[in-house]
Amino acid sequence: MITNEKLVFSIKGKKTKNEILEEISKKLVEEKIALSLKPVLNGFKKREKDSTTGLADGIAIPHVSSKEISEAKIVVVKLEEDVDWKSLDGKPTNLVIAIVVPEPGRNEHFELLTSISAKLADPKFVESFKKASVKEITKIINSIKVEKKAKKSEVKGRIKVVGVTTCITGVAHTFLAAKALEDEGDKRGWNVRIEKQGQMTKDILTKKEIDEADYVIIAKSKNIDNAERFNGKLVYTTEVAKPITKAAEVFDAMIEKSSIQSGKQGGSSVSSVEDGVKSGKVKEVMNHLMAGISFMIPYIAMAGITLGLTTAFGFEYKDGVFGPKNHLANAFNVLAGQAFTLYIPILAMYIANSISGRKSMAPAAILALVLNQGITPMLVEGSTTEYVAQFAPFYNWGTMSFMFTNVSPALGFLGAVVAGYMIGYSVKWFTTQTDKVESQVFQSVLPLLLIPVLFTTIPFMFMMFIGYLPLFYLAMGLNFLVQLMADNHMLWLAGGLMGAMICFDLGGPVNKIAMTIGVAMMMNHDSTSVLNGVAATAVSIPAFVLMFSWAFSRFTPLKMDEQDMTAAGSATVMGMFGITEGAIPFAAKDPKKWIPSFMIAGLVGGILASFTGVVDNVAMWGGPIIWASGGFGSTHIPLEQGGVVTSNWTWTLLYFIPLIVAGFVGFLTASGLEFAYTKKELKNAN
């Protein structure tokens, strides 16, 4: 028997989670199932720190494996007073089902956990279980059939796995991880089908495939779409980068650690063991930002390339004015300009969506758009022009005008990020509270009326009177800092650091943070816009490092086999379009050689880009495609005095100087490190 009537009891009075775990540990010691209290209690607490064991419907399943446990048992505790267990559905807990097993019985641990989780995914079972007596609960628990998991050697040839891979941009990581999982599945004789979620989702899983699957594997760096499809399935979640180099380890962990996903229809509550995806707040906050950026990228790419081509072929100087040559050029100029306006609310709405779902998208988009409004010239008393903000706090109660003449109050990228987070978390808190209201009418009007009105107007009023001014000065301060570096001939330092960051994790969070800085600076028509030029250059530097390595490796100590040569060719092609992820296989295979080489190359390239005049008059996501689209140019009038950059392909060949020099420096660094490591290995062998 895995439980008895003495292990089924109630706890009266208001208790904390730790106090309940202590009561359970004491009961185990009393029944001589645990040899001592402290190791078992600490084991419970450690598991809770990793991620909550609170599921949905008021149930928590704490579990521990310890040498102090003599045999596998289940303890059931009914709570007369609800306790906050940080459950996945945000609701309080009133039933605790604790699983304890001896440390050598780790597999039994997961078998028990999986079997009970499967039962708890059934709402009817949960309802009857909560109403059952001590004797009935004991009988129910002991009747649960523990499904033994086969060993890895026994499951070969009969495993069906479906899964989802998704990364921030939805391009390289997504497909590399899916390919690695599918290849490893072929080696094992498994049937593996992976859905690739990105800018265009590929290989969408059917309901039949999901129903027939033994396991679901999710490799992600942001929240996946339609997660509720996998409710009731055995799910294992990991970081999207891990399968690229460790697909075998990921599958082994999937067999051992996957657990039943639970959640109401339409939700995405997951109770799977997450490996590599930290549950910490910092990681969570960054994932929401990356989700927003992933949706923002296509808007910037479209707008940048369209505006670059229009500027290159459709603009001219005429009567001292630089503008569209004809109506067609003007139409494309308007098209690109509107896309630039649109990316701000898109960023905000998808940050909010990542936090609290689609109900927060409209308020976030509206607020971000308003916060990005600029200034409008207005004639005062028929002769004097005064610039009035389209949006700003009510500093001048008489005219409701902005306090700084000729200074745009638009918060741009920064305003979008703040709007997304503020509204996303506010709506999440609000819906957690209102979930307790059982009125169907109320729940129907909540997302359609109450949330759009309340969470647009209240944050708007907050920004007008409290939140706006600190953000405005922060934005001005960042611009001032970069401008100060430029005025003191130190902009090269910012460029070098940005280049190294972009080349560090090749599309990961550090890379995206650096790219974000470039986007934030892109609309400044002064020397700070060089930072976006640096970002546009640096994204292709790892590809140039590999291109030179592929071309000259036969003449140096650098070792590249046939597979490396092929991968280097693919990475070079991807790099031409500003995609750094093609270099990931090299960084994963030999990080101590390639990561320093990419970073040093990025540092050199960033510094050079700051000196060679790589200043883009429009925002581009990166790569030589920018040059081809006319996105770089020169001006005879200083930008600070209102000059406009025009395309000049001969002059813009300077763009390739940082790429070529940095690529060659990176190749030499890799060769030097290869020589040093080989020499050290030979010395250690002797």
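Leaving aside its neighbours within four places in sequence, which residues is leucine 347 in contact with?

Modeller: This is a predicted model, in which local features need pLDDT of at least 70 and side-chain atom pairs count only at pLDDT 80 or more, while totals for chains, interfaces and linings use all residues. Residues are numbered from 1 along each chain as its sequence is written, and side-chain values use heavy atoms, with hydrogens and water left out.

With neighbours within four places in sequence set aside, leucine 347 is in contact with Gly292, Ile293, Met296, Phe413, Ala416 and Val417; contact means heavy atoms within 4.5 Å. Leu347 belongs to the largest nonpolar core, which has 39 residues, and together with Met463 touches the most other members. Such a core is a set of buried Ala, Val, Leu, Ile, Met, Phe, Trp, Tyr and Cys residues joined through side-chain atoms within 4.5 Å, where buried means under 20% relative accessible area (1.4 Å probe, protein chains only).

Two or more residues each come from helix H10 (281-314), helix H11 (327-356), helix H12 (361-371), helix H13 (412-434) and helix H14 (440-487). Helices here are DSSP runs of H or I with at least four residues, numbered from the N terminus. H11 gives the most to this core, with ten residues. A second, separate core has 37 residues, among them Ala535, Leu546, Trp594 and Ala601.

Elsewhere, helix H5 (residues 134-143) has Ile137, Thr138 and Ile141 as its buried residues. What covers them includes helix H4 (123-131).

Technical notes: Buried means under 20% relative accessible area, exposed over 50%, partly exposed in between (1.4 Å probe, protein chains only).
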